[in-house]
Amino acid sequence: MGVDALARAEAVVRSAFGADFRSHDWLHGVDGVHVVVTEGGVLLAHASVVGRTLRHDGREYATGYVEAVAVHEDHRGRGLGRLVMDHAEAVIRDRFALGGLNAVRTAVPFYAGRGWTSWDGPTAADTPDGLVDTFDDDDRILLFGTPAGAEAAMSKDVPLICDWRVGELW
């Protein structure tokens, strides 16, 4: 994506998430595969799939982590969120062993209806200071299966561990 297209995508995402969306939140999705819907040169919807590593029970999973999913407020209700997620999930299936994301509470039914499953087990992060517990009651971590079926074999008694990054870890 060019600089102008990234700026338009960021504006749509910031508008959708409001003041809670910080600079590092946008940066988490910049290096990913961007899925956009445009019409007449106007960016209407965006999602990004970023490569991350999740670990569980001694195994590492190359994970397509979904960031910055948003639909322009004037174009909601047209199925554009479904469209960008169709393509984001295709990227995950093609390139990764697992899909992951941290959804806002109101979006959980949308993702669940697409086959994403809630991770209700413990979470942690592999940080420069070592492994830290990342439990946050506001997190809604969801996993998306691929043909490898990684998420089906995961025990909710064992932490799901994400790699470190600046800002929100999940």
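At 43% relative accessibility, how does Glu39 count: buried, partly exposed or exposed? Partly exposed, on a scale where buried means under 20% relative accessible area, exposed over 50%, and partly exposed in between (1.4 Å probe, protein chains only).

A word on the ground rules before the exercises. This is a predicted model, so to speak: local features need pLDDT of at least 70, side-chain atom pairs count only at pLDDT 80 or more, and totals for chains, interfaces and linings use all residues. Residues are numbered from 1 along each chain as its sequence is written, and side-chain values use heavy atoms, with hydrogens and water left out.

**Exercise 1.** Find the partner of Glu39 and work out what the pair ties together.

*Solution.* 
- Start with the rule: a salt bridge is a side-chain nitrogen of Lys or Arg within 4 Å of a carboxyl oxygen of Asp or Glu.
- Now place both ends. Glu39 sits in strand 1 (residues 33-39) and Arg78 in the loop between strand 3 (59-71) and helix 3 (80-95), so the bridge ties together parts that are 39 residues apart in sequence. Helices (H or I, at least four residues) and strands (E, at least two) are DSSP runs, numbered from the N terminus.
- Arg78 counts as partly exposed, at 43% relative accessibility.

**Exercise 2.** Characterise the salt bridge between Asp126 and Arg55.

*Solution.* 
- The closest N and O atoms are 3.5 Å apart.

**Exercise 3.** Do the accessibility bookkeeping for the bridge between Asp86 and Arg114.

*Solution.* 
- The N to O distance is 2.5 Å.
- Asp86 is in helix 3, while Arg114 is in the loop between helix 4 (108-112) and strand 5 (117-118), 28 residues apart.
- Asp86 comes out partly exposed at 39%, whereas Arg114 is buried at 19%.

**Exercise 4.** Count the salt bridges, then follow Asp25 into its network and its helix.

*Solution.* 
- The count comes to 9 salt bridges.
- Asp25 is linked with Arg22 and Glu168 in a network of them.
- Asp25 is also among the buried residues of helix 2 (residues 23-30), together with His24, Trp26, His28 and Gly29.
- Those buried residues pack against helix 1 (3-17), strand 1, strand 2 and strand 3, where contact means heavy atoms within 4.5 Å.
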